[in-house]
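Trainee: I would like to go through the terms used for this model and see what each one rests on. Please take them one at a time.

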Amino acid sequence: MSTRLATGGRLLNKQKALTFTFNGKQLRGFDGDTLASALLANDQMLVGRSFKYHRPRGLVASGAEEPNGLVNMGAEGTFEPNQRVTTTELFDGLTAQSQNHWPSLDFDVGAINTHLSRFLPAGFYYKMFMHPRPLWKHVYEPFIRQSAGLGCAPKARDADTYEHFHFFCDVMVIGGGVAGLQAAKTAAATGAKVLLVEQSAHWGGRGPVDGGTVDGVPVENYVDQIISELETMPNVTLRKRLMGAGVYDHGYVLGYEQLRDHAPENPGPRHRLWRIRAGHIVTATGAIERPLPFAGNDIPGVMLASAMRDYLVNYGVSTGDRTVVVTNNDDAYLTAFDLKNAGLSVPVILDARVLARDSPAMEQAKALGIRVMMGHAVASVKGTKRVTGVCVCSQAGEGAVLEEIACDAVAMSGGWSPVVHLWSHCGGKLIWDETQAHFRPDVDKAPMGAQGEAFVTAAGAANGALRLADALGDGDQAGKLAAAATGFKVRQTSCPVGDSPEEAPMMPVWLMPQGAGVKLRSKAWLDYQNDVKVSDVQLAAQEGFESVEHAKRYTTLGMATDQGKLSNINGLATLAGALNSTIPQVGTTTFRPPYTPISMGSIAGEARGEVFQPIRRTPMHNWHDAHGAEWEPVGHWRRPYAYVRDGENTHDAVMRETRNARENLGLLDASTLGKLVVKGPDAGKFLDMLYTNMMSTLKPGKCRYGLMCSENGFLIDDGVVARIDEDTFLCHTTTGGAERIHQHMEEWLQTEWWDWQVYVANVTEQYAQVAVVGPNARKALEKLGGMDVSKDALGFMEWADGHLGGFKVRVYRISFSGELSYEIAVDAGQGQAFWDALMVVGHDLGVMPYGTEALHILRAEKGFIMIGDETDGTVIPQDLGLHWAISKKKDDFLGKRAQERSHMTDPERWKLVGLETLSGAVLPDGAYAVGEGENANGQKTMIGRVTSSYHSPNLGKGIAMGLVLHGPDRMGEVLEFPGTEGATYKARIVDPVFYDKDGEKANV
Amino acid sequence: MSEPVTALGGASADNGIATLAEASLQGMISLRGDLTASAVKKAVTSASGAAMPEQGRVTAEGDRALCWMSPDELLLLCPYDAVGETLDRMHKALAKSHALAVNVSDARAMFRVSGARAREVMAKLSPVDLAPDQFTPGMFRRTRLAQVPAAFWMPEEEAFHIICFRSQAQYVFDVLTVAAQPGSSVGVYQE
């Protein structure tokens, strides 16, 4: 049984009891507990079922490396799967459900798989589900989908908020154990700005549990002392519950801060993602104890020796009454001592080593009356849902059982692996340390900055300095290095001296016993989370998956949420053994950020809901909204698609608006069109290069429609250019094109024509612009009163400054509808007032606002192209019959040379035509015309496609434009456009100008 | 002619860790030119009364200021009603120079974020070192605020002025509100 002891628990506040629920059962814990310690205190050792075989699984670890203790937490808006119980701080009212079990944790049907494990070896899925192919979709995939995954996907919207925070420091120390604390203190003493972060809620790392003294003071007191010193230093920032998640180029670090996971009742964001720029990074991330691979090492009750110590010392929880310790090093003896001192029974320490003489630890064990069996090992663990005993054998043998020892817990230690993740994220290399049998950072191959300098230093256990005395000195050294690297003067200071007992060397054990037969090997787990055993890795090697990366993917070793924190080294040692190779030759898989999974919410930060994406609003946005606007996103802008009145549907509204603009008076909010001022002595020359037309000959006071192409000749934008004065032009761009074209202009000015005297300014948002459109347009403006807008005073394609209705305006006599039309710009701050004034004077003239869809229909009736409809990045002006807008007098313009290439002048290029269905129906947008024969893929030959298609209320039929092979030469021909659901549309090729071919309506 | 309005009609919020308020109308003139040319320098300093700003800085004199935007761009701040007259003076002074001066007052929105936690609110949204010893009154930063372009400076300790595009005013006000939400203090800057 695991239980809470009457005494102990240094992190607990026993005055404050908490209630929580696990699988519907109400349990009690204390303030300071983790969910794991509280479960153990309630004898809830079984926490989950394994992924593949659904084997009962208990807690193995006490920290971020825990592979089994994953739960679904919370409900509805706070539901989250795969929460690690060992790093979840207990709070009152916590609810958790174990994962991957059916129908219940105690009785799981899927556990039958464990008896089928012979048939579910490594690579099972690849082998089994490959053939026959037709079974994949209906049999295999649904089966795998159902059995895959650990937690449940959240269904409700996340109720919490998240944020980012940008922070800058000279030295960032990741890890608040003794090495990290010392590194921070040493670096801070030089005056460097230091950020010290610790992923858990407590400082000191393993120090306070593992014991020892620093300058004669117990570690725990030393930690308190150094923290209080650091707290008084103005150049030091200390953060707990903040994990260094990833290290990236240029000293960029992502920090994951959990603000309210331990106290959900608090207000504010749940997680904060720190985006840190550090001059130098110290990774003092500690080390993780390795399990030992012996048969039955996954049975609940088998735990890492250090974890068992943590539960005992930190939380006053005993994992069992009788604990067998099995180890290959001295460190695990600490667990035996702590258990013994707590009054619990340790029947035996099985030590795989055979040493010439006893180490101090062994002597102490014997003095405490603990039986120590050197050269011995666990042959197998007895029990199913809970350990009931171990069978003892010789480590050197094949597992012949020498004796059985009853126990209810096993503490194992296979040695320690430095946490090298953050060191490795940005290219730090590792070396194999033979003495300690682990990979540790290679100081000569550190992650490098722009100047080739190391920008990460590992410290303490993370650097292989496992013992207290070494870790302190290593931390001190790292602090000095980091400060010096960021330009601070390091003075010689003394480092506190740690005292920890001398240890006998550890002995690598990659299989226990070393000659274990296949039966034992198939029960010796390497990866608990993914159900990978020693036998699976050996099989992968045998089947040719020799690269560690291949073996990982074939066996799933080291995948999923724990990313092999416990299994990695044991796995690749097993692979090395199977390949008859060495561990450093096999190498490790790649360490990638984040260190442990971080919430998607923290990555999104504030960007959700209303502010998921910036929405751009015109000065008249609220008016549109209040008048039935249905919105259309155009770039980041929102434009009214149509203003829908009561009793209308959207289509009705579009038809009404389109008709009204031709018959009476329409208003369009054209504020979103880009407006770029181009000024300078070379402005004309510059625009001649940018547009296909000649712009330098334009007279002040006049407007000209222009096309812009990329260097490759393709159309990228169009719009009306107005010449303001000799040196100044105003270029209109498409909606959403303003920034892009501004950038395009700047790029050419800054890189190619840097000596031309031209400046560009984007003044799009300075103005609200309203298109006043229709036969009554002039009357409306005359009613407003002010400047002369008569045909003689302001002809078609002219502009003028003046006043209308008291507003200071610039009026452009341009038309995208084919009607009499004025586009009027006023200062944005008066846009709404001007719009209101137009609505008032237009009242008796039949005024109606119209949206983007009516705009589209009006321009299509006139055969005007639209960037993004008639163009898609592969269309050149010549395809659209726009030869008239391509100057033949100019030596050069962007796109000219490209348009002369053979493919661009190919007569087979599809060309723009108008299309009219024989029935009057509307052609589906994007539909293809099919011709005779088939292509190489057996599809019908395609000879054209629809680029724009609408019902024209003014013409009472469907009209369309399209690109068609030899189109302009085939006027009158009827093409077939297969639609969906078996329908085929017949359409006749016609002139794309459907309405008012001579342009009389605009020219009045 | 009617009274011009700001993008959000003077929106404000005061229930979080900082005070947010849309500023009233602000005159702004964008100038592009050779900032080392004496005619350009003279035109902007005499139009503003402020000294030429160094890179990344703002200089102020009374209700006018000069903000450094880029190696060939300045932003001149003046009272909204004085833009026309100021622009005329600049055009006259720059008649013989290659330069572009243009009114952008209505193209922008301006916000004030103030309070002891104002620095934190800004550091949540902008990739800028806002530690009190790193960003101080007199500095000017053209950067981004969450997903949109913005520029800001500190008119005094514990206050920021932010300029953004007018069309994005609502977005900027909304992200500032999220960043200033109650309970979101970071507590990293020495107070």
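Mentor: Start with A:Phe294, which touches A:Val302, A:Val326, A:Val378, A:Val381, A:Val410, A:Met412, A:Met512, A:Lys523, A:Ala524 and A:Trp525, leaving aside residues up to four places away in sequence. Contact here means heavy atoms within 4.5 Å. The model is predicted: local features need pLDDT of at least 70, side-chain atom pairs count only at pLDDT 80 or more, and totals for chains, interfaces and linings use all residues. Residues are numbered from 1 along each chain as its sequence is written, chains are lettered from A and ligands numbered from 1 in the order in which they are written, and side-chain values use heavy atoms, with hydrogens and water left out.

Trainee: What makes a set of residues a nonpolar core, and which residues have the most contacts inside the largest one?

Mentor: A nonpolar core is a set of buried Ala, Val, Leu, Ile, Met, Phe, Trp, Tyr and Cys residues joined through side-chain atoms within 4.5 Å. Buried means under 20% relative accessible area, exposed over 50%, and partly exposed in between, with a 1.4 Å probe and protein chains only. The largest core has 93 residues, and A:Leu35 and A:Phe294 have the most contacts inside it. A second, separate core of 60 residues includes A:Val253, A:Cys426, B:Val172 and B:Leu176.

Trainee: Why is A:Asn580 called exposed?

Mentor: Its relative accessibility is 74%, so A:Asn580 falls in the exposed class. A:Asn580 also has a positive phi of about 60 degrees although it is not a glycine.

Trainee: Why does A:Glu981 count as exposed?

Mentor: The relative accessible area of A:Glu981 is 81%, and therefore A:Glu981 is exposed. A:Glu981 likewise is not a glycine, yet has a positive phi of about 55 degrees.

Trainee: What makes β3(B) and β7(B) a pair?

Mentor: Two strands pair if DSSP finds at least two bridges between them. Strands (E, at least two residues) and helices (H or I, at least four) are DSSP runs, numbered from the N terminus. Within this pair, B:Ile29 stands opposite B:Asn103 in β7(B).

Trainee: Which way do the residues of β7(B) point?

Mentor: B:Leu100 and B:Val102 point one way, B:Ala101 and B:Asn103 the other way, and all are buried. In a regular strand the side chains alternate between the two faces of the sheet.
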